[in-house]
Amino acid sequence: MSRFSAALQLTDIDDFITPSLECIKPVNIEKTQSTTGAKIIVQEDGYYEESESGKLKLQKIDISLQDCLACSGCITSAEGVLITQQSQEELLKVLRENSKLKAAESNEKSRVVVFTIATQPLLSLAHRYQISVEAAARHLSGYFRGLGADFVLGTKIADDLALIECRQEFVERYRDNMNVTMLSSSCPGWVCYAEKTHGNFILPHISTTRSPQQIMGVLVKEYLAKKLNLPGSRIYHVTVMPCYDKKLEASREDFYSEVNGSRDVDCVITSVEVEQMLLKDEQTLALYEPADLDWPWWDQRPESMVWSHEATLSGGYAEHIFKYAAQELFNEEPRSPLQTKQVRNRDFREIVLEKDGQVVLKFAIANGFRNIQNLMQKLKRGKTSKYHFVEVMACPSGCINGGAQVRPTNGQHVRELTQKLEELYKKLPSSQVDNKVTKHIYSDFFNGADTDKTLQMLHTTYHAVEKFVTALNIKW
């Protein structure tokens with residue numbers, strides 16, 4: 001049984017974003033002057049305002065998942081609102097109903113079910129069940145196919161495209177103004193915090209490149225749908241991710257396609273929810289028949305289905321963009337592996353390139369909310385202009401320690417678990433993003449790189465959230 005319901009919850013999590021007890025849901029309230037006073041009456045069927053003119057039933061305020069994504073004021077960042085459309089129960093319900101439609105040969109009503117599995121959950125589940133990462137991918141593919149999946153994909157293609165887009169965006173920004181700091185955008189917990197807390201001051205600094213999850217959403221609902229000769233709405237797209245914030249990210253209105261009439265990602269489940277599903281069935285992952293992951297992007301399959309991206313554990317943004325920018329801007333090839341310098345704590349590191357005795361590139365990796373807060377304070381004081389790019393992740397140690405990864409067992413400390421996952425990650429083959437497949441996707445689907453279609457489908461926008469004073473956030 002799932003530990004999570006569709007209700008708001010406050011729980012202890014790893015990203016240290018604590019509840020602030022203020023809901024900032026923008027509500028337009030019509031106010032009228034009262035000379036005689038009025039009082040609120042609570043009855044079984046609702047709330048009423050009673051005055052000399054009579055009783056008026058007060059309207060209920062609906063709080064949607066989108067509202068909470070824009071807020072995070074009354075909930076923690078990573079275990080906040082888990083609505084029914086983003087739960088394992090809803091997923092299993094959809095799969096059962098879809099299997100019945102297929103059995104009845106109701107082809108017009110049934111949907112093609114696509115699962116996309118991120119790398120970090122595979123590391124987590126591989127360690128949990130003591131099998132290799134590649135084996136975990138194949139057994140998980142077999143498990144999902146048994147539930148009704150038609151396609152099971154990895155995120156390599158989306159990870160590659162995200163790095164290509166982000167590095168190009170950085171180079172363009174640097175050439176336009178080398179004194180402006182660019183911040184990564186793949187962590188929805190960080191983006192949520194930035195929109196709510198710092199608004200229009202910080203949002204121009206954040207990369208517009210979509211996260212790999214949302215790039216996969218575009219590829220599945222647009223590119224794959226085109227290959228299958230189906231509308232995007234006929235595909236039910238499920239992603240397996242390392243943190244609960246990915247549920248919130250998938251629910252953003254920015255990632256709803258008016259053309260398809262559906263979201264790019266319909267449902268997100270997490271590593272720990274997959275573990276719960278297996279526990280409910282009283283099975284271990286290795287007992288399920290293995291099956292290859294699908295590769296619909298190119299005729300030739302890659303040698304591996306699971307890949308690393310640089311040495312860092314959250315997509316490799318800082319390292320990859322640093323190497324690319326050094327070559328593109330200064331014709332310099334940094335030593336490999338890159339030398340990172342720890343600053344203040346193990347979750348804040350710097351990478352520096354010097355040329356002719358001058359620092360020409362200075363990058364940072366900031367993991368965990370403590371480091372994010374310090375970064376924001378310095379940026380507001382104008383002290384972080386020395387950083388040209390910062391990879392920002394809400395969780396300490398980054399995505400590999402996401403709030404929805406399988407938790408330590410047998411008294412194991414979370415840091416020890418993270419180290420074990422790091423060791424598994426280092427054994428994976430390293431992806432080279434400039435490959436035949438990414439070039440094919442750009443030419444075949446996006447009409448080339450740096451086109452209007454690329455900008456529309458691989459980039460997004462952010463929205464500052466206005467705060468409203470309520471009784472909950474008055475500082476007495």
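The model described here is a predicted one. The points below begin with the surroundings of this helix and then turn to the nonpolar cores and to an open sheet.

**Helix α2**
- Gln88, Leu91, Leu92, Val94, Leu95 and Asn98 are the buried residues named in α2, and since the buried residues fall within an arc of 160° when seen down the helix axis, they line one face of the helix.
- On the other side of α2, Arg96 and Lys100 are exposed.
- The buried residues of α2 pack against the strands β4 (112-117), β7 (235-241) and β10 (267-270), and also against the helices α4 (133-147) and α9 (271-280).
- Just after α2, Glu105 takes a positive phi of about 55°.

**Nonpolar cores**
- The largest nonpolar core has 92 residues, and Phe115, Phe144, Phe170, Leu219, Trp297 and Leu361 are those with the most contacts inside it; helix α5 (residues 156-176) gives the largest share of this core, ten residues.
- Leaving aside residues up to four places away in sequence, Phe144 touches Phe115, Ile117, Ala149, Val152, Val240, Ile269 and Val274.
- A second, separate core of 24 residues includes Ile202, Phe369, Leu375 and Val390.

**The open sheet**
- Five strands form an open sheet with mixed pairing, in the order β6-β14-β13-β12-β11.
- Strands β6 (182-183) and β11 (341-343) stand at the edges, each with a single partner strand, so one side of each is left without a neighbour in the sheet.
- Strands β13 (residues 358-367) and β14 (residues 389-393) run parallel and are joined by five bridges, and Asn367 stands opposite Met393 in β14.

Methods:
Residues are numbered from 1 along each chain as its sequence is written. This is a predicted model: local features need pLDDT of at least 70, side-chain atom pairs count only at pLDDT 80 or more; totals for chains, interfaces and linings use all residues. Side-chain values use heavy atoms; hydrogens and water are left out. A nonpolar core is a set of buried Ala, Val, Leu, Ile, Met, Phe, Trp, Tyr and Cys residues joined through side-chain atoms within 4.5 Å. Buried means under 20% relative accessible area, exposed over 50%, partly exposed in between (1.4 Å probe, protein chains only). Helices (H or I, at least four residues) and strands (E, at least two) are DSSP runs, numbered from the N terminus. Contact means heavy atoms within 4.5 Å. Two strands pair if DSSP finds at least two bridges between them. The arc is that of the directions from the helix axis to the C-beta atoms.
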